[in-house]
Every structure is written in C-alpha cells, then in structure tokens.
Amino acid sequence: MIGVVKIGGAEGNKLDFLLSELAKRTSNGEKWVLVHGASGIMDKLCRDRGVEVRMVTSPSGYRSRYVGEKERVLFREAALSYGAKIQNTLANFGAQSKFLDPETTESVFADRKDIIREYSEGRTRILRGNYSGTITSVESGKIIQTLDSGFIPILPPLGLDSSSSLSLNIDGDRLAASVAGAIKADILVILSNIPGLMKDMNDPESLIKNRSDEGSWEKLEDYAAGNMKRKLLACREAFELGVPKIYLADGRVEEPLKNAERGNGTCLTL
Ligand code: ADP
C-alpha cells in the first residue's frame, strides 16, 4: 500500500493529528509520502517582514500568489521552516522522515511562469517578473528509494528550475497529484480546513460524499470557488494519471486518513 497525503499550510489544519496517524501507519508497514503547503506560514512571514501578499485571479478563475524576487526567497524560507517543523514532529512520534528539497535532491522540476495574467473588474493585466512554476517532472525513483529505506518522504511546494537552478513556488495540491501519479500510489488524500467539497460552503451538511452522485467534473467545478478550484483540478489530474482512490477531506480531525477512508470526505473516484 502506497499513499500520498497533502496537508495545507492554511490556518485550522491540525498537523499533529495527521503526523501521529502517519507515524502509526508507517510503523505498521504502510508507505506514505507527505506533501505540504506553505501558504499560512508564507502570509505570516510576509506580514512580519513588511512584504505585501499579492493574490491574483487569472481570467479562467484560478487564484494564485504573485511571487516576485523578494517573495521567492521568503516562500522558500517558509517552505523549509514548515518542512523542518513536520520532520521534528514526526521524529517526536517515532517516525523517520527525509525532507526532499528539490535544490539538493533534484526530485521535482518546474518551468518558471515569468508572466501571469490577472483578471479584475472586467480587464486582464499582464504581470511580469513572477517566480512561480509549473511542474514539469517528478523523479519517482528518488521518492520510492526514500520509502524503501523506511523514511517518510516530505515534499515541499517547490520545484527546481533547471535553467536558473532556483527553486520556484509550485502548487502543493498539483504536486501531490503528480507525485501520486508518478509513484503509482494506491490512494491520494488532500486534507484541508474544510470537510471536503461542499455545495454550500456555509453548510457542512451539503458535503458531496461521492463524485458519482454528481456526475461530471464540470458539475463539481461549478461548486468550487477560490482555492477549491485548484484542488479539484489537482484531483482531476491525479484521476487522469490513473490514481485509483482520491479523497478531499478534513485535516482538522483525529486520524484524518481513517476519517477520509470511512467516507467522511469527498471521494472523487467512481
Ligand atoms: P489549504 O491551504 O489547506 O490548501 P485552501 O484555503 O487553499 O486550503 O483551500 C480550501 C478552501 O477552499 C476552503 O477553506 C474554502 O474557503 C474554499 N472553498 C471554495 N469553494 C469551496 C467548496 N465548494 N467546498 C469547500 N471549500 C471551498
């Protein structure tokens, strides 16, 4: 059994619940890769250093962070410090892990998106000098080797740009999907500070438990706004890469993986 789990960096996610469950499961012989986000820590770091957080909505409705030169350095710092915290906490729970920094392990590559488009008030603007990236490849061999030597691989939302040798900010949800596809994982669980995909964000009772109840991806995408749109895109990519079980579930509960497997989140495979 190989699984990939992604935990967001947003407020509300309970890291300890996931990490203690991961430590227990890996000691029972399961293999899990952990992908993490860094958004919450990045926002805090920006506030502390007096750097404005700039979120941009593209003409197709996807929200992303504008990453200039200053932000690129801060984002790497945020990702590395969150990764170190995860590694220490796993060690406290008795699990060994390895942090796969793309700059030193060349595990994930990305192409820089120098230009991004911003849609606002009926107009599209071009923003240059951006340092986020699109994932181009995941080196599955390095991840599998880490798993086989008994470590939990920890992947930050960073990808190495081979032309500049800089690590770029990449989307954690899409990274988790690419990793799950590349290592042929049996299950992908994307945890966040919500129960799953909901028809009405203010009503937990409106949780969509199964994709088959709704039909097409397009129909599901109609319910999603903001960052949820990108999570669904990631799930769709994982589905197209052949990942057999995909869940969007709650990262704030005890044993969040078991909670997802018991059907208390959104199951996106048919
Ligand atoms: P993370 O940092 O854990 O990746 P995000 O904040 O990026 O989490 O994404 C989850 C957010 O998506 C939720 O907190 C919620 O505000 C938003 N969202 C938008 N539409 C929906 C929906 N239909 N169902 C659930 N969440 C939604």
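**Figure 1. Residue classes in the shell around the ligand.** The shell holds nine nonpolar, eight polar and two charged residues. Here Ala, Val, Leu, Ile, Met, Phe, Trp, Tyr, Cys and Pro count as nonpolar, Asp, Glu, Lys and Arg as charged, and the others, Gly among them, as polar. This is a predicted model: local features need pLDDT of at least 70, side-chain atom pairs count only at pLDDT 80 or more, and totals for chains, interfaces and linings use all residues. Residues are numbered from 1 along each chain as its sequence is written, and side-chain values use heavy atoms, with hydrogens and water left out.

Figure 2. The ligand is surrounded by 19 residues. Ser192, Met198, Tyr223, Asn227 and Lys231 are the closest. Helix 8 (residues 226-240) contributes the most to this shell, with three residues. Helices (H or I, at least four residues) and strands (E, at least two) are DSSP runs, numbered from the N terminus.

Figure 3. The side chain of Asn193 places an N or O atom 3.0 Å from an oxygen atom of the ligand. Met198 uses a backbone N or O atom, 2.7 Å from a ligand nitrogen. Tyr223 also uses a backbone N or O atom, 2.9 Å from a ligand nitrogen. Alone, the ligand exposes 580 Å², and the protein buries 86% of that. Areas come from the Shrake-Rupley method with a 1.4 Å probe; for residues, only the protein chains shown count as cover.

**Figure 4. Ser206 in its loop.** Ser206 sits in the loop between strand 13 (187-192) and helix 7 (217-223). Is Ser206 buried or exposed? Ser206 is buried, because its relative accessible area is 12%, and buried means under 20%, exposed over 50%, partly exposed in between (1.4 Å probe, protein chains only). Its side chain reaches the backbone oxygen of Asp203 at 2.7 Å. Not counting residues up to four places away in sequence, Ser206 touches Leu197, Met198, Lys199 and Asp200. Contact means heavy atoms within 4.5 Å.

Figure 5. Seven strands form an open sheet in the order 5-10-2-1-13-14-15, with mixed pairing. Strand 5 (97-99) and strand 15 (266-267) stand at the edges; each has a single partner strand, so one side of each lacks a neighbour in the sheet. Strands pair if DSSP finds at least two bridges between them. Strand 1 (residues 2-7) and strand 2 (residues 31-36) run parallel, joined by six bridges. Val4 has Val33 as its bridge partner in strand 2.

**Figure 6. The hairpin of strands 11 and 12.** Strand 11 (residues 158-161) and strand 12 (residues 166-169) run antiparallel, with four bridges. Leu160 stands opposite Ser167. Four residues lie between the strands, and Ser165 takes a positive phi near 60 degrees.

**Figure 7. Ser132 in strand 9.** Ser132 belongs to strand 9 (residues 132-138). Ser132 is buried, at 8% relative accessibility. The side chains of Ser132 and Asn130 make a polar contact at 2.8 Å. Beyond four places in sequence, the contacts of Ser132 include Val67, Asp111 and Leu168.

Note on methods. Near = heavy atom within 4 Å. Polar contact = N/O pair within 3.5 Å; in protein donor to acceptor, adjacent residues only side chain to side chain.
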